[in-house]
Amino acid sequence: MPLKEMFKKRTLTPQEKKQAERVRKAKDTLLEFQVPDGLFQKCTHCGKTVYNEDIIENYYVCPYCGSYFRVRPRTRIAMVLDKNTFQEWDEKMETSDPLKFPGYKKKLERQQAVTNLDEAVITGKGKICGKDVVIAVMGADFMMGSMGEVVGEKITRAVEKATKLRLPVIIFTCSGGARMQEGIISLMQMAKTSAALKKHDEAGLLYITVLTDPTTGGVTASFAMLGDVILAEPGALIGFAGPRVIEQTIGQKLPEGFQSAEFLLEHGFADKIVERKNLRKVLATVIRSCEYE
Amino acid sequence: MSNNFTPWERVEISRSSERPTSLDYITAIFDRYMSLHGDRLFGDDKAIVGGLASIAGRPVTVIGQQKGRSTKENIKRNFGMPSPEGYRKSLRLMKQAEKFHRPIILFVDTPGAFCGIEAEEGGVGEAIAKNLFEMSNIKVPILSIMIGEGGSGGALAMAVGNEVWSLENSTYSILSPEGFAAILWKDGNRASEAAKVMKITAQDLKELGIIEQIIEEPEPACLDNIMDISEKMRTMICGFLNKYDQKTQEEIVDERYDRFRKF
Ligand SMILES: [Zn+2]
């Protein structure tokens, strides 16, 4: 009998029923946006086999070794915002492809199909514990989270709208740096986003950055480091130059933990390392502590 | 354009040890220059120089990224690669300029910010970010002039100007053509090809709206012809100062915001 047939009409064992119930529960909270293929996967850190529902229930953190799986933008939004409060802004914005770089537009289309994202950031408005916030979440799986025209423009528009609406801004950073294919125009996004945040700041409004793995290059050297409060996920790689570039420059191996979230905290460039399961609560506390009007 | 160099030839000229440095131009253009030092937090980065100067009888603040000419001087200047304290010094001097209503003239010439352990420990990303953030709102006119290499965020941190000008054979790019070729084509040897597609020459940058003016170099700038080029720059800078004298603080800030908002 083929394997498929074998499972067809069988009733579930009590154990399986329980498991299905857990999956449903997890799905109800956050699974719907990020279903890994199959029933289980190997943790890239400790190598142990982990059931997907365990990963999901545990906020995409390995239950054995505690290492953090990367979270996709929509999953993150589901984790952090109150249910069904997210209103997305500026979807489907397109780059002008300023260098007319060969193959770039094609590559974007492929990325869009594979990741089911329009670009490397999602922006919009939602609520955290009932409080209105403007949120931008970057994702590493779209062109390594690199910042080009569209990422810069979406973030700038979100910040400008937040200034107008007098709302706090929360940005989850995750980026390999500038979008090389857009050359110097991608560099300008650093100045553009920072200038918009300065206006938001001058208006006396709150900006929180949450640094997630990895945050490097032009994003680190602009909006990632400009939060009134800077939070980071445990173990995240955060730096300006990439570790390999530094190793090449200085000709030696980097020490363990260099450019980790913990390294940043130690050197005074982050306020707090927050475990993923506590993130929503911490954000709510910061927002409540900065209520200005 | 006075010369028909290829983009890659311009990259080589922009990096040449013959090319005048910030201090060469500062000495040649301004009537008086007094250096100021230190970021008041940690140290004094020798890769960034700056201080008080005057031009046609009016005080200005000048700041420049400084390369060396000899190996010994290059080591002292860290090859023009600024550390976090360099960016913090430049911001301190810009804030001082704002307080005393002095226009700011910046000379950009760096392969990029320093990529070392100390730079990361000192928060070079934060230092650059803070410059971009604060410069967007400075109430006096800012002019940035690309005199050599304009490498990435390390250059941008001194180029959030009301206007950005470039010498004809200077470059301004997201990263070096070698790095670009290595990342996108996995082949660092295709740098000259990369220089062409990256649009990094003054002419390309003007077409993209990244710079307002090109300062011509009838011959590639060097110490022999620096007086001619500086004389031209001096006239242009005076023109810039006169033009911005007519503007209110609000106009100066709003125009700078719009300049970067359009990208
Ligand atoms: Zn594990």
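## Zinc site

In this predicted model, the residues that hold the zinc ion follow the spacing C-x2-C-x15-C-x2-C along the sequence. They are Cys43(A), Cys46(A), Cys62(A) and Cys65(A), each contributing its SG atom, at 2.3 to 2.4 Å from the metal. The 4 donor atoms make angles of 106 to 113° with one another, and the site is tetrahedral. Ideal angles for four tetrahedral donors are 109.5 degrees.

Cys43(A) sits in the loop between strand S1 (40-42) and strand S2 (49-51) of chain A, while Cys65(A) sits in the loop between helix H3 (52-57) and helix H4 (73-80), so this pair ties together parts that are 22 residues apart in sequence. Is each of these two residues buried or partly exposed? Cys43(A) has a relative accessibility of 3% and counts as buried. Cys65(A), at 33%, counts as partly exposed.

## Domains

The domain assignment divides chain A into domain 1, residues 13-69, and domain 2, residues 71-289. Taken over C-alpha atoms, the centres of domain 1 and domain 2 of chain A are 26 Å apart.

S4(A) pairs with strand S3 (residues 87-89) of chain A through 3 bridges, and the two run antiparallel. Within this pairing, Glu88(A) has Gly124(A) of S4(A) as its bridge partner.

S4(A) also pairs with strand S5 (residues 131-138) of chain A, again in the antiparallel sense, over 8 bridges.

## Helix H7

Helix H7 of chain A spans residues 183-202, which makes 20 residues. From its first C-alpha to its last H7(A) reaches 30 Å, close to the 28 Å expected at 1.5 Å a residue. How many of the residues of H7(A) are buried? The count is 17 of 20, and the helix is mostly covered.

An α-helix has 3.6 residues a turn, so residues three or four places apart point the same way. After H7(A) comes Gly204(A), which has a positive phi near 80°.

How values were computed
Residues numbered from 1 in each chain as written. Chains lettered and ligands numbered in written order. Predicted model: local features only at pLDDT ≥ 70, side-chain atom pairs only at ≥ 80, totals over all residues. Heavy atoms only, no water. Donors = N, O, S within 2.8 Å, 3.2 Å for Na, K, Ca; no water. Tetrahedral: all angles 85-135°; square planar, octahedral: opposite > 155°, others 65-115°. Helix = DSSP H or I, 4+ residues; strand = E, 2+ residues; numbered from the N terminus. Buried < 20%, exposed > 50% of the residue type's maximum accessible area, 1.4 Å probe, protein only. Domains from an automatic or database assignment. Expected span 1.5 Å × (residues − 1). Pairing = 2+ DSSP bridges.
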